[in-house]
Amino acid sequence: MNIRVLGFTLFISLCLGISFAQSELNALVWCDHTDQALLQPFEEKFNVKVNVKDYEGTGTALSLIEQSRPGDWDVFVVDSVDVPRVAEAGILAPLNEADFPWDDFFDEVKLDDIHFVNGQLYAVPEKFGYNTLSFNNKNASEADMLDLNTLWDAKFEGKIAVYDYYIPTIELIALSMGMKPSDITAENLPQIKERLFELKKNTALIGGVVGVQTALATGEVDIIVGGGEYVTAVLHEEDPSLDWILPKQGGVRWQQAIGVFADSEKKELATEFVKYIVSPEGQARLATSSCYWAMPANSKAALNDEQKAILRWDEQPGYLANSYPYYIPDAELDALMLEAWTEFLQY
Amino acid sequence: MSSLKRFLRLLPATLYVLLVFAFIFLPVVTLVLFSFQGSRLPIPPFDGPSLKWYGAVFSDRRLMAALNHSIWVGVLSSLLAVALAFLAAYALARVKLPLSNLWRWLITAPLSMSYLIIAMGLLITFNALGIAKSLVAIGIGHVVINLPLCFAIIFSQLGEQQARLERAARDLGASELSVMTLITLPLIWPALFAAFFLSFTLSWDEFIIAFLLSRFDVTLPVEIWSLLSSGLNPKTNAIGSVVFGVSIVLLILLETILLGRRRRT
Amino acid sequence: MNRRESLKAWGLIAPALLWTLAFFVVPIAIMTVYSFWQRVGTKTVRGFSLDNYVAFFSKTYFREALFNSLEVTILVTVISILLAYPLAYILAYQVPSHWQRLALSLAILPFWTSYVVRSYSWLLVLSAKGIVSKSLQTLGILHDPVSFVNSRMGTIIGFVHFFTMLLTLTIFANLVQIPRNYLKAAADLGASRLQAFWHVTLPLSVPGIMVGAFLTFVLCIGDYITPQILGGNKELLLPQVIMLQIGRQANFPMASALSLILMLVISLVFLVSARYLRLERV
C-alpha cells in the first residue's frame with residue numbers, strides 16, 4: 001500500500017475514466033423513462049449511452065437543475081403545465097414543430113397555450129393519465145369510490161394511502177369540496193387544508209409512486225388517493241382486484257412533456273431522442289414502461305390490443321371529459337400549498 | 001440429574017438467545033427466500049423457487065455499473081484514507097509536536113458527526129464552488145468519514161514496541177523512509193488491513209453522501225434506492241442477497257488471512 | 001527534537017489535517033454562513049437574517065420534527081441496550097469460549113446485508129400480508145391481518161434491529177475485558193451472583209454501553225433511510241425535513257439551519273457522554 005501502488009491505481013482509474021467518455025446523453029426524467037427497454041433501441045441506433053436521473057415533482061427537478069452546471073443536462077421530461085414557467089426561466093430550448101407528428105397527438109393533449117410560449121414550441125406532449133383513486137375492489141366497492149367524500153368515512157380508517165405529491169392531491173381535495181382545481185386561492189386554501197388534515201385519521205401512509213403501490217399490493221391499504229392507472233396497471237396482471245376509477249366529482253389529469261435543455265451541447269442528438277420518444281414505437285414502449293403505465297400522447301402508438309385494454313384506450317373520451325388538467329399555482333400559492341402539505345405530513 | 005439441572009439453568013438464556021437471533025435473522029432470511037420468488041410480489045405465499053430475478057439483476061446494466069462504481073469508490077477512497085491516516089498517526093505517535101492533542105482531536109472529529117451533516121456541508125460547498133457532483137465527490141466524502149476511523153485504529157497500534165525497533169534501525173543507519181517502509185509498515189500491516197477493510201465496508205454501504213453528491217454515476221446503495229422507487233419486485237431481494245453473499249465470502253477470506261497470520265506469529 | 005524532524009512530522013500530518021479542514025471544517029463553516037441567508041421564491045438571497053432559525057422555533061412542523069427525532073432516538077437507544085446487554089452477557093459468560101467467535105459472528109451477520117435493502121426487507125416482513133402477520137394469524141394469535149410498518153413502530157423496529165447488533169458488539173468487547181478474578185473476589189467476599197453482577201460487572205461494563213449508546217444516538221438521529229422507508233411519512237423526523245427542504249425547494253439556507261440544529265444536539269450529547277468515550281480507542 002505504498003505510493004507506487006496508489007499511483008498505479010489512480011492511473012488505471014484515469015484510463016478507465018477516459019474509455020468511459022463515449023457519446024452520452026443526459027436526461028432528467030420521471031421514472032418511467034429509466035426502463036432499459038425504452039432506452040435501448042435509441043442507444044443502439046445512435047450508438048450513444050443515455051444517462052437518466054429520475055425525480056418526482058417539478059420542484060425536485062428545479063432543485064436538481066440548480067445543483068448542476070450549465071451543459072450538464074440534455075433532455076428534460078416535465079409536467080406539461082410547468083412548461084411555460086420552465087421555458088420562461090430560460091431552461092428549455094426552442095423546438096421545431098415540423099420535427100414532430102403533431103397531427104397524430106390526441107387533441108386534448110396538444111394544449112397549444114402550454115407547449116408554445118409566444119408562438120414558439122418548447123416541449124412536446126408524450127404521456128398522460130389521471131390522479132384519482134386506485135383501490136382494491138375486494139375491500140372497497142366501486143359504488144363507494146364513485147364519491148370522493150366516502151374517503152372520510154370511518155370505515156376506511158387506516159385503509160388509505162395518500163400519494164406524496166402536493167399539487168394533484170390538494171386539487172383532489174378541492175374537487176371533493178365542489179371546487180375546480182383552478183378555483184384554489186390563498187383565501188380558500190385554509191378550508192381545503194382543514195379538509196386535508198381530516199383525512200389524516202384514515203391515512204395509513206403517505207408515499208411516492210412505489211410506496212403507495214407497495215402498500216396497495218401488500219394489503220396495507222385499500223385505497224390510494226392520487227392514484228390512478230399509473231399505479232395499478234403494472235399490478236393488474238398479478239392481482240386483478242387492484243383497480244382504478246374516476247369518481248363523479250372528476251379527477252386531476254397529469255400530462256408529461258419532453259423538451260431539450262437550452263444549455264445542452266448536444267441539442268441535435270437530444271432532439272433525436274425527443275423524436276424517438278414521440279414516435280409510434282417509442283410511445284408504445286413509454287406507455288408500458290416498467291415504472292408506470294399510462295396513455296401515450298400519440299394516437300398512433302404501436303400498442304397491441306391487450307395493452308390497449310389495460311390502458312382503457314377506448315374509454316379515454318369519457319375520462320378526458322371528466323378530468324381537469326393540473327392547475328399550477330403561482331409561486332406564492334405554490335409555497336403555501338407546499339407548506340400546507342408539510343404540515344399535513346407532520347399533523 | 002445434574003445434567004437436567006444444568007439444562008434447566010441454561011434454558012432461559014438459550015431461549016433468549018434464540019429469540020434475539022430469530023429477530024436479527026428474520027429480515028435476512030425473508031430477503032433471501034423471496035429473492036427466489038416466482039411471481040412479481042415478494043410477499044407470501046412463496047411460489048418459487050425461480051432464478052429469474054437473479055437473471056434480471058445480472059442483465060441490469062445500471063445495477064452492474066453501480067456495482068462497479070461502488071467497488072472503485074470504496075477501494076480508492078479507503079486506500080487514500082488509510083494512507084493519510086497512517087502518515088498522520090505515524091507522526092503523532094513518534095514525534096512530540098506542539099498542540100498534538102488538538103490535531104488528534106481534529107482528525108477524529110468527523111467520527112462524532114452524522115453523515116447527513118457531512119453530506120450537507122459538502123453538497124453546499126461543492127455547489128457554491130461550482131464543483132460537479134460525481135463519483136470523485138462521493139469519494140472525497142467517504143475519505144472524510146473513514147479517515148478518523150483509520151487514524152484511530154492505526155494510532156492505537158503504534159506502540160512502544162515498534163518504536164524501539166524503529167530506533168534500533170535508525171541507529172544502524174537506516175533512512176527515515178526505509179524505517180517506515182521496512183520496519184513500521186510490516187509490523188502494523190494487520191492494522192492497516194483492518195482499517196482498509198472497515199473503510200471499504202462503510203463506503204460500500206454508505207447512502208446519504210452518495211445520494212446527495214451523485215448524478216447518474218451512482219453507487220450501489222443509491223441505485224438500489226432508485227430501484228425501490230421504480231417498482232416493487234423481487235429484483236431488490238435478489239441484488240440484496242447477492243451483496244450479502246459476496247460480503248460473507250469476503251469476510252471469511254479476511255478471517256482466514258488474519259487468523260492464518262496470527263497463528264504464524 | 002531537532003527542527004528537521006519536526007518539519008518532517010508536520011509534513012506527514014499535513015495531508016490528513018488539510019483534508020479534514022477542507023472537506024469537513026470549511027463545509028460546516030460555509031453551511032453556517034448559508035444558514036443566515038434566505039430562500040425567497042426560487043432565489044437564494046445573501047445577507048444576514050435569523051429568519052430560518054425563527055422559522056424553526058415558530059413553525060410546528062420543524063419543532064415537532066426535532067421532538068420526534070429525539071423521542072425515536074432515545075426509545076431506540078434504550079430498547080437496543082435492553083435487548084443487546086443480555087445477549088452480550090450470555091455470549092461473553094455462558095457460551096463456551098470455542099463457540100464464542102462463531103456466535104458473535106452470527107449475531108452481527110445481518111450487518112453485511114445492504115442497509116437500504118434491510119429496511120426494505122422489514123417493510124415486507126412486517127406488512128399486513130407479510131410473514132409476521134401471516135404467522136400470527138396461522139397461530140391464531142391474530143384474527144385480522146395487522147401491519148407493523150408505516151408508523152413510528154415500523155421505524156423503531158428497523159432501527160432496533162440494526163443497533164441491537166451494534167450494541168451487542170460494543171458491550172461484548174467490553175465484557176470480555178473485565179478480569180474474571182474480580183467476580184471470584186466478589187464471590188469470596190460473600191457476594192451472591194446477582195450482587196456480583198450489580199456491583200462489579202455492570203459498573204465495569206458502562207464504558208461499553210456508553211460507546212455503543214453514543215454511536216446509536218449519532219447514527220440514529222441522522223438517519224434518513226429507515227424512517228423514510230418504514231415510517232410511512234405520517235410524521236417527519238429531522239433528517240426527512242432537511243431532505244424535503246433540499247429535495248423539493250432547493251432551500252439550502254433552511255436545510256443548513258436545520259442541519260446545524262441537528263449538529264448542535266449531537267454535540268450536546270457528545271459533551272454529556274464525553275467522559276465515557278475514548279473514541280480513538282474504539
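The model is predicted: local features need pLDDT of at least 70, side-chain atom pairs count only at pLDDT 80 or more, and totals for chains, interfaces and linings use all residues. Residues are numbered from 1 along each chain as its sequence is written, while chains are lettered from A and ligands numbered from 1 in the order in which they are written.

**Chain A overall**

- Chain A holds 16 helices and 13 strands; helices (H or I, at least four residues) and strands (E, at least two) are DSSP runs, numbered from the N terminus.
- A compact globule of 347 residues would have a radius of gyration near 20 Å, and the 21 Å of chain A agrees with that. The radius is taken over C-alpha atoms, and the globule rule is 2.2 Å times the number of residues to the power 0.38.
- Along the principal axes, the C-alpha atoms of chain A fill a box of roughly 70 × 55 × 45 Å.
- Of the 347 residues of chain A, 50% count as buried. A residue is buried if 20 or more other C-beta atoms lie within 10 Å of its own, exposed if 12 or fewer, and partly exposed in between, with C-beta atoms placed from the backbone.
- Among contacts in chain A between residues at least 6 apart in sequence, 77% join residues at least 24 apart. Two residues are in contact if their C-beta atoms, placed from the backbone, lie within 7 Å.

**Domains of chain A**

- Chain A is divided into domain 1 (3-127 + 255-314) and domain 2 (129-253 + 324-346), with bounds from an automatic or database domain assignment.
- The C-alpha centres of domain 1 and domain 2 of chain A lie 27 Å apart.
- In chain A, 14 residues of domain 1 are in contact with 14 residues of domain 2.
- The side of domain 1 of chain A that touches domain 2 of chain A has 9 nonpolar, 2 polar and 3 charged residues. Ala, Val, Leu, Ile, Met, Phe, Trp, Tyr, Cys and Pro count as nonpolar, Asp, Glu, Lys and Arg as charged, and the others, Gly among them, as polar.

**Contacts between chains**

- Chain B puts 71 residues in contact with 67 residues of chain C.
- On the side of chain B that touches chain C, α1(B) gives the most, with 14 residues.
- By class, that side of chain B has 57 nonpolar, 10 polar and 4 charged residues.
- The contact between chain C and chain A takes 24 residues from chain C and 22 residues from chain A.
- On the side of chain C that touches chain A, the largest share, 5 residues, comes from α12(C).
- That side of chain C has 9 nonpolar, 10 polar and 5 charged residues.

**Largest nonpolar core**

- Of the 267 residues in the largest nonpolar core, B:A85, B:A88, B:A119, B:L147, B:F151 and B:I154 touch the most other members. Such a core is a set of buried Ala, Val, Leu, Ile, Met, Phe, Trp, Tyr and Cys residues joined through C-beta atoms within 7 Å.
- The largest share of this core, 18 residues, comes from α3(B).
- Leaving aside neighbours within four places in sequence, B:F151 is in contact with B:A85, B:A88, B:A89, B:I107, B:T108 and C:A16.

**Helix α12 of chain C**

- 11 of the 12 residues of α12(C) are buried, so α12(C) is largely enclosed by the rest of the structure.
- C:A250 follows α12(C) and has a positive phi, near 50°.
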